[in-house]
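The sequence and model come first, then the points by topic.

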Amino acid sequence: MDAKASTVGSSQTATAQSEPKGKDFLNHLEVYLAKRDGVDKLLKISRYATKIILASSVLPETVPLTRQLKSFESSVGLSRKAFRLGKFVQDVNALRNSHLDSKEEILLSVIAYGGEGLYYFVEQFIWLAKSGLIDAKHSRNLQKISAWAELIGYIGSISLKLRDLKRIKEDEACLNSSNEIAISRGVGRTEEEERRKKLREKKLMKQLSVVQDIADGLMALADIRDGKGRFTDPLLLSCAGLLSALISTHKNWVSC
């Protein structure tokens, strides 16, 4: 019995080792799609890719496909709101678990997490209004509150991330200084190179997050202004939405 189990175990190990690397991608994809944000961002990509096609006037208005794409875009937009149910809790917890060193950080964190949390909270009622459970007459006022909360949240978020980028640059400067000392002493630099690599990756992800927040903030500002004024061109906003979705998808994929 033990010999058979051992043989089976060895066989399974050999099989696992001989599996193609493509299997790892599928496992990764499964974990990604199990996340609420993973599915939400894929929906966001499909929605804003559709909006770009519609905004670019590639298809004539009279073509049946145009009406189908408009219906698809509207349906996906409503579906995404359902993924925001209870999402405000993560901002409440993020604020509770934050380790803040100064009054400025406390204020910025309250603005960032409070604004985003209020946005997600109000979005639940917008979804209920668009689904027909709440009177649609409240929808416009709710959307205004949601857009303002979202914009305020992005202002706080961008401010916090810029502070983080400043710290990362300071850490890089210190690391470069210690690296120069190590070179002069002939000491190995393997550990320093690894730390430098991690700092570069961290800085890149933080920079991408800032770009994403700016893109999303631009769309929130357009919602507040009802699509009027500068930087409210439908094609520009659709491209901003797609850029934000792609960055978020990359971040979520890397974090899986």
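A salt bridge joins the side chains of Lys161 and Asp213, with an N to O distance of 2.8 Å; the term requires a side-chain nitrogen of Lys or Arg within 4 Å of a carboxyl oxygen of Asp or Glu. The two partners come from distant parts of the chain, 52 residues apart, with Lys161 in helix 7 and Asp213 in helix 8 (residues 190-224). Helices here are DSSP runs (H or I, at least four residues), numbered from the N terminus.

This is a predicted model, in which local features need pLDDT of at least 70 and side-chain atom pairs count only at pLDDT 80 or more, while totals for chains, interfaces and linings use all residues. Residues are numbered from 1 along each chain as its sequence is written, and side-chain values use heavy atoms, with hydrogens and water left out.

**Burial of the Lys161–Asp213 pair**

- Lys161 counts as buried because its relative accessibility is 16%, and buried means under 20% relative accessible area, exposed over 50%, and partly exposed in between (1.4 Å probe, protein chains only).
- Asp213 is also buried, at 5% relative accessibility.

**Other salt bridges**

- The structure holds 18 salt bridges.
- Arg80 and Asp40 form a salt bridge through their side chains at 2.9 Å, N to O.
- This pair links distant parts of the chain, since Arg80 is in helix 4 (residues 64-82) and Asp40 is in helix 3 (residues 36-55), 40 residues apart.
- Both Arg80 and Asp40 are buried.
- Arg167 and Glu105 form a salt bridge at 2.1 Å, N to O.
- Arg167 is partly exposed, at 33% relative accessible area, whereas Glu105 is buried, at 7%.
- Glu104, Glu105, Arg163, Asp164, Arg167 and Lys206 belong to one network, joined by salt bridges that share partners.

**Gly153**

- Gly153 is found in helix 7 (residues 139-185) and is buried, with 4% relative accessibility.
- Beyond its neighbours within four places in sequence, Gly153 is in contact with Ile111, Ala112, Gly115 and Glu116, where contact means heavy atoms within 4.5 Å.

**Ala94**

- Ala94 is found in helix 5 (residues 88-96) and is partly exposed, with a relative accessible area of 24%.
- Ala94 and Gly117 are 23 residues apart in sequence and 9.9 Å apart, C-alpha to C-alpha.

Conventions:
Helices (H or I, at least four residues) and strands (E, at least two) are DSSP runs, numbered from the N terminus.
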